[in-house]
Amino acid sequence: SPEVKQVVQTWLFRHIVWAYGLKNRRPPKYEKPSIEILVESDRIISALDQAQASELTAFDYETSTLEPWKKCASILTCSIAMGSRRSLERTVAFPMTSKAVIERWKEYLRSDTAKIGANIMYEHYWSIVFLNTPTVNWVWDTCLGSRILDCSQGVSGLKRTTFVNLRIIGYDDTVDPFMKSENPDGSNNLHKMNPNDLLTYNAYDSAYTYECALRQRELLKVDF
């Protein structure tokens, strides 16, 4: 209809004007975040205490399969980034093997601490099905933020979002060969990775989720 055509033309014109205004802008220089890999339960729990007291957090799971209801399902590692609404302050990654750590993690999930994710339904479903704990107070999803900024197909994944916002690419190169497999139970091969490499990748997932969310917050002029 003419009305729809007018809306599309107006939207396209505004988008082109906005894009042209960026032609001379350089992306801000981004320093690679520092990460910590923790294995001792007391240090992990201490970090989770700090995370729960933080203004903003982002977390990510690395799992043995995409579906948490499969028999082979397990959360291999977890990472969490924490800080303020202005900057990332700390990122840690740890294995989900200790019962004490898992119980403390559930407390964090149930807390009112503001939480960010990249495709939050993934972590939300895993927390419900595998840990029997729904996540409280999701405040932002970088995948949805990417869709708002660019509705083209295939633009919302964390790796592309990280490249667009932070100009970082290839941090997942060590993990990619282990993500897919032909295992009959549908599991991947992440458990065959060097544990340190998997934890490092997991940590960067959370750190970049956090940093991308802050960039989207600035671009979209939203508050969370």
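Student: Which residues does Ile-80 touch, not counting residues up to four places away in sequence?

Tutor: The model is predicted: local features need pLDDT of at least 70, side-chain atom pairs count only at pLDDT 80 or more, and totals for chains, interfaces and linings use all residues. Residues are numbered from 1 along each chain as its sequence is written, and side-chain values use heavy atoms, with hydrogens and water left out. With contact taken as heavy atoms within 4.5 Å, the partners of Ile-80 are Leu-48, Ala-51, Thr-57, Ala-58, Phe-59, Arg-90, Thr-91, Val-92, Phe-94, Trp-105, Tyr-108 and Ser-206.

Student: Which members of the largest nonpolar core touch the most other members?

Tutor: A nonpolar core is a set of buried Ala, Val, Leu, Ile, Met, Phe, Trp, Tyr and Cys residues joined through side-chain atoms within 4.5 Å. Buried means under 20% relative accessible area, exposed over 50%, and partly exposed in between (1.4 Å probe, protein chains only). The largest core has 23 residues, and those touching the most other members are Phe-59, Tyr-61, Ile-80, Phe-94 and Trp-105.

Student: Which elements each supply at least two residues of this core?

Tutor: Helices (H or I, at least four residues) and strands (E, at least two) are DSSP runs, numbered from the N terminus. The elements that each supply at least two residues are α2 (41-52), β2, β3, β4, α3 (99-110) and α4 (120-131).

Student: Why is strand β3 described as largely enclosed by the rest of the structure?

Tutor: Strand β3 spans residues 75-83. The strand is largely enclosed because, of its nine residues, the number buried is eight.

Student: How many bridges does β3 form with β4?

Tutor: Two strands pair if DSSP finds at least two bridges between them. On its β2 side (residues 56-63), β3 pairs in the antiparallel sense over eight bridges, with Gly-83 as the partner of Leu-56. A hairpin of four residues joins β3 to β4, and Ala-81 stands opposite Thr-91 in β4. Strand β4 covers residues 88-95, and its antiparallel pairing with β3 has seven bridges.

Student: Is Asn-119 partly exposed or buried?

Tutor: Asn-119 lies in the loop between β5 (115-117) and α4. Its phi is positive, about 65°, although it is not a glycine. With a relative accessible area of 39%, Asn-119 is partly exposed.

Student: Is Asn-132 buried or exposed?

Tutor: Asn-132 sits in the loop between α4 and β6 (138-141), and has a positive phi of about 55° although it is not a glycine. Its relative accessible area is 66%, and Asn-132 is therefore exposed.
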